[in-house]
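Here are my notes on this entry, as numbered points. Please read them with the structure open.

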Amino acid sequence: MFALKRRTRGEAVFDGVNVLLMLVICFVTIYPVWYVLVNSLNSGQDAMRGGIYWLPRVFTLDNYAAVVDNPGIVTAMGITVAKTLAGTVLHVFFTAMVAYAFSRRELIGRNLYMILGTVTMIFNGGLIPTFLLIRDLQLLDNFFVYIIPAMFSFFDLIIFVSFFRELPQGLEEAAKIDGANDLVLFLRVVIPVSLPVVATIALFHGVWQWNDYFAGVIYITQNTELQPIQTFLYRVVAQNDTSQMVTAAAGGITKSVTSNSVKMATMVVTTLPIVLAYPFLQRYFVKGLMIGSIKG
Amino acid sequence: MDARAEALEAQRTPARARRGGAAGWARKLLAQRYLQAMALLGVAWMLVFNYIPMYGLIIAFKEYNIIKSVGEAPWAGLTHFREFFSDEQLPGVIRNTIGISLLKLIVGFPLPILFALFLNELRSIRFKKAVQTISYLPHFLSWVILGGILTTWLSDVGVINKVLLALGLIRDPVDYLASPGYFWTIVVSSDIWKELGWSAIIYLAAMASVSPEMYEAATIDGAGRFQKMRYVTLPGIAGTISILFILAVSGLLNSNFDQIFVMRNALNDSTSNVIDIFVYQTGISQSRYSYATAVGLIKSVITLGLLLGANGILKRMNQSTLF
């Protein structure tokens, strides 16, 4: 009896410490994001005095007005939205289509194709040969550089293949008897019943497209009109090039705005879609990881 | 309709097609022409975007410049490789690459396992879900955003300095990203901050598949919480740990480019110049294509060796492996 009671007390202490530890981890995770949000809602001039940690001191939406007023930011945001939408649709459609063909056991040459793909997962040409290829394909300073080199992924193909394998054979047989060819079969029968895996891959690729800044750094050499918002922010953050922000502030609505406060607002606007998509991501990614781990 | 049904049959029964010889094979190919077209589009993409760059690696052995094509460029043998081994930046590049990666391996690899173990011990399912949800949020934020926060916080007037000054831990403000001595710590800890929750998911999934009977048996044997974590949960996820360890070891030369590219600057160059950054600088900034390709190739070959090596060693130890 005594032993049991003592252990229960020990357990209670363990649970208490554990909960505390988890709360600390949550705080450390959330706080930096909160800090940016609070500072984006505070007057930039006032924020220079420091001390904005928990809530805005001088609340204002001027920073956001300055973001909307800045043609550089608006253009970059448009590029990001366009490349995310177009890139994701094409990536999912193309990878799934190839995966469907690869998933059919009767496909002649299937083993060779799979070997070709597996090699690409463990070895690649690397940065410079890829850059030279992109240049030779006339994709430098071209919007399609975001889309075409990213339209296929063998890793995603494996996830699709393991999902398609699980589909009941009867579905395809029925459509075949009706005289549908494999492409029609893929579009009309396979895609509609594969929405969970399509959503998973779409969300992951969408997040990647949205967040990628490096393609804009390396492949957009002259025409900065084509850089996405992440590349725009990269130049502000890493190269400390706040000139774009300052012109925004100067041409902006009020003097309370500083390049730093506009940066904070831009970061919030850039992150918002990810946070909005987060509940959906969460629903699908564990599932996606599971499907991936079966074959991967 | 009859012919189509027959073609369909031939396609579904390879034995009959084989019996038909070349004619049967051709018929089978014809029947799956749509399927082949779909597959070959993917193969064509891989040939262009994966295999042409692999072929492009031969410029590491050539004197490539923009005027001539890859094929026309004159051979240079191992000149570029020799040049790299006598490059005065080499010791620093190797030290930074290995140093950051080893720190990530030693500190960053066990932490998600510990986090998952403790998360798994939470009694309230709702609280556990909430902690998980919050902990993987940073994984979905880009390094540019995190870099933006870090450069603000780590500057000499930033939050970190304010806190440390207030606590009396430092006397004078330090511009952390401008001081080479702090770069490794900053990179490793921010990487852990970003990926802790995400890396834990796969372990949590593995833990969920450990049979509850094992825990009941351990309880009857008088095992406490820590003992159950040590003797039931941990062995239950050993296979997962093994596979992720292979991947971590094979990534030793892959410093997180996206991350370091945002946080590096001229002032911390002596501790932030890793192989990938070096390749970018020499190749893209200085247009020394052949030289940078040679350096990248050395890295790729060593990485492949590490992958096969780690896999082989764990296989000999009878652990789960990739292949």
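1. B:Pro173 touches B:Asp156, B:Val157, B:Asn161 and B:Leu165, leaving aside residues up to four places away in sequence. Contact here means that two C-beta atoms, placed from the backbone, lie within 7 Å. The residue sits in the loop between α10 (159-166) and α11 (183-208) of chain B; helices are DSSP runs (H or I, at least four residues), numbered from the N terminus.

2. The scale calls a residue buried if 20 or more other C-beta atoms lie within 10 Å of its own, exposed if 12 or fewer, and partly exposed in between, with C-beta atoms placed from the backbone. From B:Pro173 to B:Glu216 is 43 residues in sequence and 55 Å in space, C-alpha to C-alpha.

3. This is a predicted model, in which local features need pLDDT of at least 70 and side-chain atom pairs count only at pLDDT 80 or more, while totals for chains, interfaces and linings use all residues. Residues are numbered from 1 along each chain as its sequence is written, and chains are lettered from A and ligands numbered from 1 in the order in which they are written.

4. The largest nonpolar core has 105 residues, of which A:Val98, A:Ala99, A:Tyr100 and A:Phe160 touch the most other members. Such a core is a set of buried Ala, Val, Leu, Ile, Met, Phe, Trp, Tyr and Cys residues joined through C-beta atoms within 7 Å. Helix α4 (residues 71-103) of chain A gives the most to this core, 12 residues. A second, separate core of 11 residues includes B:Leu196, B:Ile202, B:Tyr203 and B:Met207.

5. Not counting residues up to four places away in sequence, A:Tyr100 touches A:Phe164, A:Phe186, A:Val190 and B:Met38.

6. In helix α9 (residues 182-193) of chain A, the buried residues are A:Asp182, A:Leu185, A:Phe186 and A:Val190. Seen down the axis of α9(A), they fall within an arc of 95 degrees, so they line one face of the helix; the arc is that of the directions from the helix axis to the C-beta atoms. A:Arg188 and A:Pro192 are exposed on the other side of α9(A). The cover over the buried residues of α9(A) includes α4, α7 (154-165) and α8 (169-177) of chain A, together with α4 (33-56) of chain B.

7. Between the chains, 66 residues of chain A are in contact with 62 residues of chain B. Helix α1 (residues 2-40) of chain A gives the most to chain A's side, with 13 residues.

Terms used: Helix = DSSP H or I, 4+ residues; strand = E, 2+ residues; numbered from the N terminus.
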